[in-house]
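Biologist: I'd like to learn how to read a structure like this one. Could you walk me through it?

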Amino acid sequence: KKLNFKVGQSFQDYFKLKQDYIFEIGLTPNRTDAFGHIGVCRDIKSVINLNGANLDLKKPILDFKIDNKNLPFSIEIEDESFILYYSGLTIQNVIIKDSPIWLKQKLNSIGINPINNVVDVTNFVLFETGNPLHAFDYDLITNHKLIVKKSQSFKNFTKIDGKDIKLNDDLIISDSDKPICLAVIIGGKESSVSSNTKNIFLESASFNPSLIRSSSKKHSIQTDASYRFERGVDYNNCKYALQRAALMIKQLLPESKISSEIISCSNKNYTSKKTIDWSFKKFNKITGQIIPKEIVEKILFDLDFEI
């Protein structure tokens with residue numbers, strides 16, 4: 001392609017690279033709520049509102065709808081204790097290619113190498129919401145059924161880089177023939193998205209952190225997804241992240257179609273709403289100062305707690 005630039009023209013102007021600001025925030029491992037940009041914004045909003053502002057947290061509004069039901073699938077969870085929440089949907093008529101410049105630029109700015117449009121969307125949504133996602137080639141999943149299970153019946157797993165590892169009572173995602181993902185730490189080569197992919201299964205889930213931590217340490221594999229799953233991923237946000245990623249793929253590929261309903265499974269022992277006992281007296285004793293009740297309530301409301 002011939003470049004139609006003028007001598008002396010700014011590289012930034014020619015390629016329409018936008019000026020941006022990047023804030024680096026150090027997190028302690030317990031703050032999994034802030035492993036995504038939306039979570040960080042929630043905290044920042046709370047601080048700014050304490051100084052007299054009246055800001056709302058404005059997440060992207062999702063106009064989600066199903067286009068057809070041409071790509072059915074099913075999910076089997078062998079033991080409910082393996083998961084907190086598992087969900088997925090299928091997308092038809094995808095074309096795997098480079099992402100647009102704006103998406104590559106967003107990922108590059110946070111140190112993530114762009115790969116292709118579908119994988120780049122899952123990474124974008126991961127860092128936006130804090131929820132890991134994974135895309136499988138739908139047509140390479142035997143019987144279009146995914147099983148979350150322990151690896152007893154499988155001894156080997158081929159990672160996306162082509163290298164084999166020995167399985168040893170690991171949590172895996174498989175179809176009836178083969179393991180296709182290791183404990184959601186890393187995808188498998190046999191079902192990964194490639195230039196030949198035409199249809200995908202998109203997954204958004206929250207898994208038992210101790211099982212992910214065990215496999216991650218055992219195989220010395222740490223990814224952005226495993227780092228979050230080990231510490232706990234917000235299961236309440238899985239469906240939002242799934243819909244957000246699906247609509248972004250449709251935005252990049254207008255010819256693609258969301259081709260199934262969202263199928264989900266949850267562990268009721270985990271996903272019921274938690275109630276935390278609260279004492280203003282104890283709170284003031286711990287902080288060592290008297291903070292007016294209305295200020296405490298304002299902070300909690302801004303952090304999306306209900307009282």
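Modeller: Let's go through the sheet, then a surface patch, then a pocket. Keep in mind that this is a predicted model.

Biologist: Fine, the sheet. What order do the five strands take?

Modeller: The general idea comes before the case: strands of a sheet pair through backbone hydrogen bonds, in a parallel or an antiparallel way. Here the sheet is open, its order is β1-β4-β7-β8-β9, and the pairing is mixed. At the edges you'll find β1 (74-77) and β9 (186-187). Each has a single partner strand, so one side of each has no neighbour in the sheet.

Biologist: And how do β7 and β8 run, parallel or antiparallel?

Modeller: Antiparallel: three bridges join β7 (residues 171-174) to β8 (residues 179-182). To see the pairing on screen, look at Ile 172, which stands opposite Leu 182 in β8.

Biologist: Now the surface. Which residues form the nonpolar patch?

Modeller: The patch consists of Tyr 21, Phe 23, Ile 25, Leu 27, Ile 44, Ile 48 and Leu 55, and together they have about 760 Å² of accessible area.

Biologist: Take Tyr 21: is that residue buried or exposed?

Modeller: Exposed counts as over 50% relative accessible area. Tyr 21 has 68%, so it is exposed. Look for Tyr 21 in the loop between α1 (11-14) and α2 (37-50).

Biologist: Last one: how much space lies in the largest pocket?

Modeller: About 1600 Å³. The lining has 39 residues, and the closest to the centre are Asp 234, Asn 236, Leu 303, Asp 304 and Phe 305. The largest share, five residues, comes from α2.

Methods. Residues numbered from 1 in each chain as written. Predicted model: local features only at pLDDT ≥ 70, side-chain atom pairs only at ≥ 80, totals over all residues. Heavy atoms only, no water. Patch = residues over 30% accessible without salt bridge, like charges linked within 9 Å, V, L, I, M, F, W, Y side chains within 5 Å. Areas by Shrake-Rupley, 256 points an atom, 1.4 Å probe, with all protein chains shown as cover. Salt bridge = Lys/Arg side-chain N within 4 Å of Asp/Glu carboxyl O. Helix = DSSP H or I, 4+ residues; strand = E, 2+ residues; numbered from the N terminus. Buried < 20%, exposed > 50% of the residue type's maximum accessible area, 1.4 Å probe, protein only. Pairing = 2+ DSSP bridges. 1 Å grid on protein atoms, 1.4 Å probe; cavity = no way out; pocket = protein on both sides within 12 Å on 5 of 7 lines; lining within 4 Å. Points joined across faces, edges and corners; volume = space filled by probe spheres on them.
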